Amino acid sequence: MERDRAQRATKLIGELRERFEMLTERERQVMQLVVAGRLNKQIAAELGISEMTAKIHRGQVFRKMQAASLPDLVRMADKPGITNIKA
């Protein structure tokens, strides 16, 4: 059972890594800020983009990562080897 659990965890990490690699550089920046708890307005100000653009990038991050919620996205980002994001 332990071996099966480890294999499933390895498979999940591989899938998450593939999803993360599909993100553009800007989407990765937005993801880092979203996971850190920033609001769209704060993300826009920090990246020098409009709030609407930040909202669109945020939506793309959730879609590409297949995250149903913010806590779901944070758990994904927290997996070892997925990102270098520190919340």
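Trainee: Leaving aside neighbours within four places in sequence, which residues is valine 30 in contact with?

Mentor: Ile43, Leu47, Ala54, His57 and Arg58. Contact here means heavy atoms within 4.5 Å. Before you go on, this is a predicted model, where local features need pLDDT of at least 70, side-chain atom pairs count only at pLDDT 80 or more, and totals for chains, interfaces and linings use all residues. Residues are numbered from 1 along each chain as its sequence is written, and side-chain values use heavy atoms, with hydrogens and water left out.

Trainee: Okay. Why does valine 30 count as buried?

Mentor: Because its relative accessibility is 0%. Buried means under 20% relative accessible area, exposed is over 50%, and partly exposed is in between, with a 1.4 Å probe and protein chains only.

Trainee: Where does valine 30 lie?

Mentor: In helix H2, which covers residues 25-35. Helices are DSSP runs of H or I with at least four residues, strands are runs of E with at least two, and both are numbered from the N terminus. The buried residues in H2 are Glu27, Val30, Met31, Leu33, Val34 and Val35.

Trainee: What covers the buried residues of H2?

Mentor: The cover includes helix H1 (2-22), helix H3 (40-47), H4 and helix H5 (70-78). For one distance, take valine 30 and valine 61: they are 31 residues apart in sequence and 7.8 Å apart in space, C-alpha to C-alpha.

Trainee: Glu27 is on that buried list. What does glutamate 27 form a salt bridge with?

Mentor: With lysine 64; the closest N and O atoms are 2.9 Å apart. The pair links distant parts of the chain, since glutamate 27 is in helix H2 and lysine 64 in helix H4, 37 residues apart. A salt bridge is a side-chain nitrogen of Lys or Arg within 4 Å of a carboxyl oxygen of Asp or Glu.

Trainee: Is lysine 64 buried or exposed?

Mentor: Lysine 64 counts as buried, because its relative accessibility is 14%. Glutamate 27 counts as buried too, at 4%. Besides Glu27, lysine 64 touches Arg19, Met22, Leu23 and Thr24, not counting residues up to four places away in sequence.

Trainee: How many salt bridges are there by this rule?

Mentor: Two. In the other one, the side chains of glutamate 46 and arginine 38 meet at 3.8 Å, N to O. Glutamate 46 is partly exposed, with a relative accessible area of 48%, and arginine 38 counts as partly exposed at 31%.

Trainee: Back to Arg19, then. Which side chain of opposite charge is nearest to arginine 19?

Mentor: Glutamate 15, which is 4.2 Å away. Arginine 19 is buried yet has no salt bridge. Its place is in helix H1, and its contacts beyond four places in sequence are Lys64, Met65, Gln66 and Met76.

Trainee: Changing topic: how many helices and strands does the protein have?

Mentor: Five helices and zero strands. Just after H2, glycine 37 takes a positive phi of about 95 degrees.

Trainee: And what does the C-alpha trace span?

Mentor: About 50 × 20 × 20 Å along its principal axes. Buried residues make up 34% of the 87 residues. Among contacts between residues at least 6 apart in sequence, 55% join residues at least 24 apart.

Definitions and conventions. Lys and Arg count as positive and Asp and Glu as negative; His and the chain ends are not counted.
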